[in-house]
Structure formats: structure tokens, C-alpha cells
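Please keep the structure open while you read.

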Amino acid sequence: MTTDSKYQAAERFADWLAMRVHKDASGADVTCLETRPQGRFWLGRLAPEIEIRSHDLGDRAERLEPCAVGLRILPNKKTEPISISGRASFAVWRREPSKDWVKFGPIEVEFEAELDLDSSAEVRLEEPFKQALEAAELGGGLSAAISLQSGRLRDGRRDLTVTLVNTSDPDDPKADDYAKARMFECTLEVEDPGTEDFLLESLPDSFRYDRRVPAWGINAGVERNPSGFKTSDMPRADRKRPRFWNIDNQTPPDLRFETLSTDPLPSLEALIGAHAAWGALAWDEEIVLGDETNDERRTEFKKEKALFDLEAERLQEGLKALHSDAQLAKAFRFMNEAMILAARGRYDGWRPFQIGFLLANIKSCRGEEADLVDIVWFATGGGKTETYLGLIVTAALFDRMRGKTTGVTAWSRFPLRLLSLQQTQRFANALAAAEIVRRRRDLGGDPFGLGFLVGDGSTPNKIPSDGKSGPWDPSNSGLANKLRMLKACPFCRDEGLKMKFNRRYWRVEHKCTNNDCDWGTNAPLPIHVVDTEIWRNLPTVIVGTLDKAAGIAMQANMKGMIGAPRGVCSEPQHGHTYAPRYGRRNGCLVPDCEAAIEELPQSPELYGLTYRLQDELHLLRDSLGAVDAHYEALLDHLQEALSGHAPKILASSATLSGYERQSDVLYNRAARVFPHPEPQVGQGFWSGDTEQDMRRFLAVAPRGQTIEYALDRMVVSLQSAIRLAINEPERVTEEANVEATYLPFLVGLYGTNVVYGNTLRDLDAVVRSAATQWGDIPAPRPQVTSLTGRTVFEEVANTLERLEAPEADFSNRIHVVAASSMMSHGVDVDRLNVMVMLGLPLTTAEFIQATARVGRRWPALAFIVHKIGRERDASIYRAFPKYVSQGDRFVEPIPITGRSRRVLERTIPGLAFARILMLHEHLADRTVWKAYGLKEYIQKVPDFKIDEAKKVCELLGYDDAASEALKAEVEAWYERWLQRIDDPANSNKWSTELGLPALGPMRSLRDVAEQVEVRGKDPS
């Protein structure tokens, strides 16, 4: 089997699956039923016009169960009469005396008419249908008509609507025997009379995009064929698989890791030269615009070309930096040496865009350009994570060369509660490879390590030593296994990891049992999953969820992530120390340690981060984004105060819509994207479309049935088809036109369906349906699992492992995954190639991200089941192909504000206490976490209230007239707070309780909807 032949077989098999779903939904393959057809079929059916027109739901009733199907075209004739011809077909079901239902049809009717476009009067053709129904001896009040009607557009032109209408009489005495006068498998074809294209007016004009639409569907999609137009029950849009060298007749530069690890400059120069040569033609104004007279298009083109020129300039600057900076060039070469080890033969080099991003940002390894946010914008699955890792590893190696022997280089944050274990493994693999190179090249310093910093529900803030029971009780023998965060050893990929809780050093250990492991030591792997361990060891890279940023106001120990800790414990392997607390008088985070404190091994300024990375930037919106903006400003402010410099912000995003404003609000920085969008969509320098299908999107609008019913039938169709491929391979090979030898491979690719829901209620219904509504699926009974925010961490890990390495016996595999947005980021499983999306997500960005979970390597099907009663779903259904092909343009601008009084109320306690913990506590020379300590310190500091209010206003950017009211809020908060501190009646134990009632520092950035006061124990 060649890869190309397997891919072609997969494309054909996916087409066959889509056909099976359509035929099952419309009844095209069924001729006899024991049950009523109106209760069984939910596509291609038409209800009687009189019934829908008189319905209480009005226009919504027409969307839920139409009485007409057709299309709207724009004739290129202006005044003279126009001739219209075409064909309509439908099927009719009749109940026989045996009580079974029998199908008649398809009944095909050809029609022809002449219409005066200047007249708005409706023309109906009924006689051809009357004759066809009489010839078929079908009664029951059945009748149909072709409706033709001209309308006037806003620009004065006349369009033409052609529809097939069910004009049957539902009150006819025999209508019940004719499925309540409903018609099925209804289609309409119209010969092209000479038409112009419509313009998609919901999108702005642009030189990049084609807004033309040949025809609009009426309660259907429209497909254009050589002779005209035809309605479609499932509007379709295809996304092609990209290629990553898009210059024909030119050999790509040698971007293999091996080449770049020895002599990278010739290859990089060739890449930059090809980029410049391509740009000279692709961005030539006359070639792109020709005789374009639209001034707005020309202005837009010039602006965009200037941004491309800046991209080219950045590439040149990166190359110059490698030429002139020997240490940076060495770090780049060593990084590529590490990538050879990390890839382990799965791939042997970079894609051009990855090297482009590295070159464009290579100077940031030296701390340059921290005033800019750099966003990588590339198709999901293109390799963004590896691109980040290349830059991070380069910076980490460069850090060792410049004297940073320990501490964090990068903090990578993901916006969801459950960080993908796949992402964690990838980070660990890259850092393990870098560690081998560090030792091989004798760079010195601590081993490169990885920290896993997520919410307390998944990993502990600390392992308690007080003997209290709880999920993280050290006496629990299963504690360590619950905290296994890697599938395999990152050094040797052996899956025989042994988990242990080491009471001597008070740490959770991942230990490799492979005697030939490249780690080459009996020491635990440099992987840290407990918060206190992370702060003690300060691993090179920390990955985690965005929520933990709020800890900066609750945990004095987070200081090591942005600045220098207090010192280093003299006891071996105890690591860095922080502010003293009860039970740790010397600040060591190992319980009951009283060892002496030693000086830091490096300059305090070196402890500051080089990078803060934000994955899926577009998800930082609304209240979450507004709150995070305050904490981003706080983190910058504290790192500048402690280390003398702010970190570089790197981000990835699924959308470019509004990124400039979002970056300004979130980070108070200008932003730029890489790569810059190409002048012709799908034909850029860094990637271009191939002929291979990547994802086939099929819009589904259930007719006369609920969306839940339609979903159940689709799962039944898909799962039954897979079992048919197993049980009747000869039939399937003929129907799908694939060789029998491919079927086991295809069953593996398409045997698992993802049902993506926007609400937990929808997904709960899917799980219930598995037990009650999927009885038509042949054995084996489908196994269903859930991946939602409620799924416990261990179950997520187990599910992902089963999906990646399925059981040999098909009956034991996972067949259906009910997934929420938790799955839409970072889950990369090649076997997931069929998705049924239950209603459109609220945002287009989520639509793009969620559907990208399928088709990572093989052609995929994405069925989008529209909740057609909703106006937004109905609107997108009408323009579905454009919605998919130009999805980036439909992405809504990110709603976010940094100047909200309500947000300030939530964040100011955290901002205030973070400054106390990070900047004031060492000046107090005593703990300020207890209330009396803070009181005594503040009383000794002149102008504390004025200075602190001023600093908070400065870090939030409240420095103009528009911010006067917010500045007053900050000053008023400090005034009230200090009054409470001075109140003799205030007997609170903890300093966080001295804030306003029930409004202490946030424990998580997601604590926006509800805040609770924390009492009873020291949260540090």
C-alpha cells in the first residue's frame, strides 16, 4: 500500500459514508417501511404549503419543515422575457392494506415557462405535476407546483426565485394514507438561462477574497453543474490539505535538522531568497489588481503589501543576527541537534513556515522586541507547537551560554482547565532532547526540566504533611500514580515509567525503568507536577492553564517564575527557598526543613522569564479576557521590578479578527502575525492547497424532526456502515470502490465518531441515546465515552490513550466520543476523522478549532447539524460554502475591555496583595501573610496608601483623562482597606481577609462569576 493509494481509498470511503448518511436520512435506499415515513425521514421532505403557511410559528415553521425547496438566481437579462426550464422530482409514500408503507417514485417532472422579469406576480406551473401524479395513480390530495417569481434587488436588478412547492391538501380524507400529504426526496434542477453572480454582502470587499455566489438556495443548498443548478439536501464545502512548499519548479531549501545543526546559513539564505522572489511576483500590484479601479482595494493592497515587506525584513534581520552573534548561532545549531533526537525519525526537518517564524523571532531569545506580541497564525495541524518549542529550546540553550544556570525560560499557558496530555508529552520530549545536547555540549547548569502547573483538581498545590486525609494524602499508596503526566519517558520513549512519592525529598517522581535510557541516571526525570516542587526546582519550561496566574497574589512562592527567590536551601535537592511561613522558618518548601539558606547561584536579574506563551489567544475574551488583562499587566510590572525586563509575549490564534485591539487590551503591546496572509487565499509562499481533500463539511438541517432525532439517526447510519464494512466486505468494496485490503485500515480511521456539543445538556442526551435510541446498530453495541470539563483527569488520559492506540478487537474500541469545547484544543489523534457537530458553536473561532480535531492526517467528514430554528444557524446554512471557505472573515471581533469598573472590583485585591507578597515582604523582614504582620508593616511605611494606589494605576495604564473615574476607584479601595486595617475591632487572622467583605484575591482567573471568601488556613 502506498500512502497516495491509501489516501485515495480514504477519500472514497469518506464519500461512501456521507452517501450512506444522506440515503438513510432521505429514504433514497428504502422502498418499504413498517412505520410512518414522516416519523423516519428527516431530509428532502416537504410539508403541505397550507399547513406551514397557517402555522403559529410563522417563518420559523418554514425553516423547521419547509413546504418548498428551490433556488434564487440573477438573470443577466434586464427587461426582455426569460425562458426557464428544468426538472423536479419527488417520492410519495402510501400505506397499503397490509399496513406497510410503500414508496412510489421518484416521480420526475420536466417544466418550461416564460417569465416577464419586470412583473413581480407569481407564476405557478401545476399541470405537469397533476398529470404525473395521475399517471402514477396517486391520490390523497397530492399536488405540487413550480413557483416562479421575480424580485428587485437594492441596486435595481431583478432576480428570479424558482421553487418546487408541495400544494397538497392535508385535509383530504385519504391524506393520512399518504404520510399526511408529505413529499420526500424532493429535488429541483434549473437550466442556466444566463446568469450573473450575487455578492455575499455580509463580508466586506477585499482584493483577497471572492465574494461571488452563483445562486442562493431556498431551504437547501445549491450545486452548480455544467448545465445549470441543482438543489442539495446537504450543502457541501471542502477544505484541501495544504502543502508546505508552494513554489513549483523550484527545489525547496534543505531544512533538515541535520543540515541546520551543522551549517544552517546557506539553507536559510536560500529560503529568504525564495521568499523575496515569490513576493516580487505575488505582491506585484499590476499582476494582482490588473485594471482594478476600486480605490479602496488598491489602498488595502498597498497596506497589506507593506506588511509583507516587513515580514521579509524580519527574516533578513534574523539571518543577520545569526551571522553576527556566535552564541545565538550556536544555540540555533544545538537546537536543531536536539530536534533530531526529539523527532526520532518521525520527521527529519522543518516546514518552511516554522523556520520562517524562528528566524523572524530569533532576536527575542536575547530579550529583544519585548514590546511586541508575536502571533503565529497557521492552520491547525501545521506544526505550531513544534515551532514554539524550537524557539523555546533555542532560548534555553542560549540562556545557559549567557550564564543563566537555573530558572524558568518560558511559561506556556493554555486557556482551558484541562491541558492536553499530548501537548505535555511534546514539551517533555523536546526538553529531554535539549538536555541530552546540553550535557553533550557541556553547557553546565541545571538539567532542562518541565513543570506542569494546572488547577488543584488535576494536580496538587502541595503534598500536605499534617496527616490530614484528602486527595493528595502522602500516605495514600496510589498518590503518585494519580499524578503521572507522561505516557512515556521523554528520553527513550519507553512507557515503563514508575511513579513514586519520595518522602525524603518530598517529591512526586517519574522514574524510567529502561536500563538503556538516554537519561542515564537513577535520578527521577526532571518532570515536576506539584506546585511547590515547581517553585523549588524552577524547571526550564512551565506548561499549564491560564487560571494559575491568579496565584501570584496568593503564593509568595510564585516569585521564582518572575524574579529571584530568597535563596537556595543547603540541603541537597531541596531547591530554592522563599518567604518564611509557619512550619518553614527558613522558607524551604520541604516540610520541617530547618537547614541553612545559601546565596543564589546566579544574578537575580537572570531569573526573569524570556517568554510568556499564550495558546489559543482568541479564547481570552469577555470577562476572562478582561480579568486576565489586569493580571498580565501585573505580571509584567512585577517582573520588570524584580528582574529589570518584561518577557516577550508569544501567542497562537485561530483568527486574525481584532487581534490588534485584543493584544493592546491584554498586554498593552502592539501585535503582529506570522505568516502574513497571502494575496490569493490558498496560494501563499509558506503553504498552498493541494488537490487532496482534508475536510469535507456537510451542512445538515433536519426537516420535520428534532435535532436530537437527526443526530441519533446519523450515528446509527455511520456506525452501521462501519459494521457493514466488517461483516460484508465484498459489498462495501463495490459500493465504495475501494480494495478489500484497505478495509481494516479504513475501519480504524472512520470507526470512531466525535459528537461535538455546545452544551453539557446536549452531550448528556447523546450518552442517554446510546442506551435507548441506537438499537438499530448491529452488534457490537457502541461504546461511548465523554470528554468534557467534567471528565476527571485520569479518564481523559485513558480515553486519549485508547483513541491513539485502539484495541485490536473492534468491539472493545471506543466508537463514539461525546465532546465539549475541552476537546477543541490540543487533541491531536489521527484516527478521529468523523465529527457530528450538534448545532453551530457560538463563535466561528470555536467552529474552526473544533472541526480541526478531525482530518489531522486523513480526509475527514464534518457534519454540521444546524439548529435551523435559530436565525444565526439559518443564515449560515444559506451561505455555508462561503462560511467554510472564508471562515476567518466570519470570526467575530474579540469582545474585550480593560477598563471596566466591575472587573477592577474583582482584580484589585489580587493586584494589591501581589505587590505586597512579591515586592514588600522582603522589605518587611517578616511574614506579612498574617494580618498583624501586615498591619505593623504598613504603619511603618509613610505614604503607603498613596504610593500603592499610584503604582496600581500605573500598571493598569490609568494615565489619561478617560481613566479618572477608575483611578478614583483604586484610591477609594485603598482608603477603605486601610480603614479596615486600622479598625481595632478587625480581628481577622489572614491579611487577605482585610480586603473588602467577601472580595479577597481571586484564586483562579475563572472566578469571575462568583467570588467566595477564603477562611481558616494559610493559603500560601
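1. E65 first. Its relative accessible area is 12%, so E65 is buried (buried is under 20% relative accessible area, exposed over 50%, partly exposed in between, with a 1.4 Å probe and protein chains only). The side chain of E65 meets that of R45 in a salt bridge, at 2.8 Å from N to O. A salt bridge here is a side-chain nitrogen of Lys or Arg within 4 Å of a carboxyl oxygen of Asp or Glu. R45 sits in the loop between β1 (32-33) and α2 (49-53), and E65 in the loop between α3 (59-64) and β2 (68-75), so the pair ties together parts 20 residues apart in sequence. R45 also counts as buried, because its relative accessibility is 3%.

2. Ground rules. This is a predicted model, in which local features need pLDDT of at least 70 and side-chain atom pairs count only at pLDDT 80 or more, while totals for chains, interfaces and linings use all residues. Residues are numbered from 1 along each chain as its sequence is written, and side-chain values use heavy atoms, with hydrogens and water left out. Helices (H or I, at least four residues) and strands (E, at least two) are DSSP runs, numbered from the N terminus.

3. Salt bridges overall. How many salt bridges does a search of the whole structure find? The count is 74. Side chains of opposite charge can pair when their charged atoms come close.

4. E948 and R915 form a salt bridge, with their closest N and O atoms 2.7 Å apart. E948 belongs to helix α28 (residues 944-956) and R915 to helix α26 (residues 901-924), so the link joins distant parts of the chain, 33 residues apart. E948 is at 3% relative accessibility and therefore counts as buried. R915, at 5%, is buried too.

5. An exposed pair. R585 and E594 form a salt bridge whose closest N and O atoms are 3.0 Å apart. Are these two residues buried or exposed? Both R585 and E594 are exposed.

6. Helices α9 and α11. Two packed helices are described by the angle between their axes and the distance between the axes. The axes of α9 (residues 326-343) and α11 (residues 384-401) come within 8 Å and cross at roughly 130°. Axes are lines fitted to C-alpha atoms, for helices over the stretch in contact, and angles run from 0 to 180 degrees between N-to-C directions. That angle makes α9 oblique to α11 (under 35 degrees is roughly parallel, over 145 roughly antiparallel, 65 to 115 roughly perpendicular, and the rest oblique). The crossing is right-handed: the near helix is turned clockwise from the far one by less than a right angle.

7. The α9–α11 contact. Contact means heavy atoms within 4.5 Å. From α9 come Q327, L328, K330, A331, F332, F334, M335 and A338, and from α11 come G390, V393, T394, L397, F398 and M401. By class, this contact of α9 with α11 has ten nonpolar, three polar and one charged residues. Ala, Val, Leu, Ile, Met, Phe, Trp, Tyr, Cys and Pro count as nonpolar, Asp, Glu, Lys and Arg as charged, and the others, Gly among them, as polar.

8. Helices α26 and α29. α26 packs on helix α29 (residues 964-982) at about 55°, with the axes 11 Å apart. That makes α26 oblique to α29. α26 passes α29 in a right-handed crossing. R901, L904, I908, P909, A912, F913 and I916 of α26 meet L966, E969, V970, W973, Y974 and W977 of α29. This contact of α26 with α29 has eleven nonpolar, no polar and two charged residues.

9. Backbone points to check. Most residues other than glycine have a negative phi, and most peptide bonds are trans. A cis peptide bond joins F674 and P675, with omega about -5°. P675 is in the loop between β28 (670-674) and β29 (688-700). The peptide bond from A779 to P780 is also cis, and its omega is near 5°.

10. Positive phi. N249 is not a glycine, yet has a positive phi of about 60°. N249 lies in the loop between β15 (236-243) and α5 (257-260). Its relative accessible area is 85%, so N249 is exposed. N668 has a positive phi near 55°. N668 is found in the loop between α16 (659-667) and β28. At 65% relative accessibility, N668 is exposed.
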